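This briefing goes through a few local features of one protein model, for a reader who has the coordinates open. Please look at the structure first and then read the notes by topic.

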Amino acid sequence: METEEKKEKKNKKKKSDKIEVSVKHKTLRIICFVIVTVIAIVSFSIGISQWVKKEPGYYDIKASADDLVPGYANGITLTCYFDGKSDEIRVKNNNATTAYSNGLKWIYCMVDAETNYDGYNNIAMLNQHMGEDISVSSELFNILTDAYEFTCKGTGYNMFAGLLAQEWNSILYLDDPSEVDPLNDPYEAERLEKLAEATANLDNFSFEIVDEAKHTVCFNISQEYRQLIEDLELEGPVLDLNIMREAFILRYLTRTLNDAGITTGFIATDSGLTCTLSESSEA
């Protein structure tokens with residue numbers, strides 16, 4: 001049996017093992033927690049307010065994503081200058097985003113030489129329906145007629161050089177193009193020579209304005225050019241805006257944005273083309 005002295009020692013040990021929380025200390029901790037929470041909420045609110053608040057200045061406008069045309073905004077940037085109050089700037093930014101996204105997607109689809117989109121009589125459709133009368137939008141009609149005029153001047157631009165450009169690009173984009181470099185590969189040199197010669201001969205192509213009022217055109221190629229395509233086993237668009245494509249896109253976008261009241265800023269492409277909006281000099 002335990003002695004009274006041992007029992008007393010055990011009881012003291014149990015009491016010493018208990019952690020007693022002072023009410024005073026507990027209240028202090030609650031007060032500190034509340035203060036820290038309030039500080040965090042205030043800091044977060046200030047941060048959100050600063051993030052949402054818009055100051056006058058230049059803003060890069062991001063085109064809206066589109067699952068059907070995922071790459072339509074690649075390689076092009078719109079920068080706009082907005083002034084006024086924060087709410088006014090936010091509205092201007094949203095309006096610019098909408099006008100820019102809609103305009104860029106529309107013209108991108110119109111000048112696409114390879115892919116046809118529902119509701120668009122674009123360049124791809126002309127390539128896919130050679131010899132047929134196709135009615136296009138007024139803007140695409142103007143682009144095509146301008147491109148044809150540039151082509152006929154014989155100054156180096158050719159709207160019918162789609163396959164030639166494609167053949168060159170297929171070499172340039174190779175990890176090791178030296179093997180098929182025309183300087184090293186006689187077969188590739190012969191292919192390019194035949195294709196370049198036939199493409200330079202504008203008699204191999206026809207671009208006819210069937211009805212100017214209805215913007216109806218007809219694009220076709222000669223039987224000789226068709227045979228060359230078959231002999232060289234080529235696939236791809238013949239009619240292609242190629243090096244003028246970005247210039248036509250910028251021209252259309254500039255007009256569209258100006259008409260929408262977005263007049264201060266500039267549009268630039270990764271290749272170095274830049275076009276200013278109508279009132280940029282006033283920013």
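The model is predicted, and side-chain atom pairs are counted only at pLDDT 80 or more. Two packed helices are described by the angle between their axes and the distance between the axes, and the first group of points follows that description.

**Packing of H6 and H7**

- Helix H6, which covers residues 162-172, and helix H7, which covers residues 186-200, have axes that come within 9 Å and cross at roughly 155 degrees.
- Because angles over 145 degrees count as roughly antiparallel, H6 and H7 are therefore roughly antiparallel to each other.
- The crossing of H6 and H7 is left-handed, and on the H6 side the contact is made by Leu163, Leu164, Glu167, Trp168 and Ile171.
- On the H7 side, the residues that make the contact are Glu188, Arg191, Leu192, Leu195, Ala196 and Thr199.

**Buried residues of H6**

- Within H6, the residues Gly162, Leu163, Leu164, Glu167 and Ile171 are buried, and the buried residues of this helix pack against both H7 and H8.
- Among these buried residues, Leu163, Leu164, Glu167 and Ile171 also take part in the contact with H7.

**Serine 222**

- Serine 222 is found in the loop between strand E5 (216-221) and helix H8 (223-231).
- With a relative accessible area of 14%, serine 222 is buried, because the cut-off for buried is under 20%.
- The side chain of serine 222 makes a polar contact with the side chain of asparagine 204, at 2.7 Å.
- When neighbours within four places in sequence are left aside, serine 222 is in contact with Asp203 and Asn204.

**Residues with positive phi**

- Most residues other than glycine have a negative phi, which is the background for the two cases that follow.
- Histidine 215, in the loop between strand E4 (205-211) and E5, has a phi near 55 degrees, a positive value in a residue other than glycine.
- The relative accessible area of histidine 215 is 22%, and this residue is partly exposed.
- Asparagine 242, in the loop between H8 and helix H9 (245-259), has a phi near 40 degrees, again a positive value in a residue other than glycine.
- Asparagine 242 counts as partly exposed, at 21% relative accessibility.

How values were computed
Residues numbered from 1 in each chain as written. Predicted model: local features only at pLDDT ≥ 70, side-chain atom pairs only at ≥ 80, totals over all residues. Heavy atoms only, no water. Axes fitted to C-alpha atoms, helices over the stretch in contact; angles between N-to-C directions. Helix = DSSP H or I, 4+ residues; strand = E, 2+ residues; numbered from the N terminus. Parallel < 35°, antiparallel > 145°, perpendicular 65-115°, else oblique. Left-handed = near helix turned anticlockwise from the far one by under 90°. Contact = heavy atoms within 4.5 Å. Buried < 20%, exposed > 50% of the residue type's maximum accessible area, 1.4 Å probe, protein only. Polar contact = N/O pair within 3.5 Å; in protein donor to acceptor, adjacent residues only side chain to side chain.
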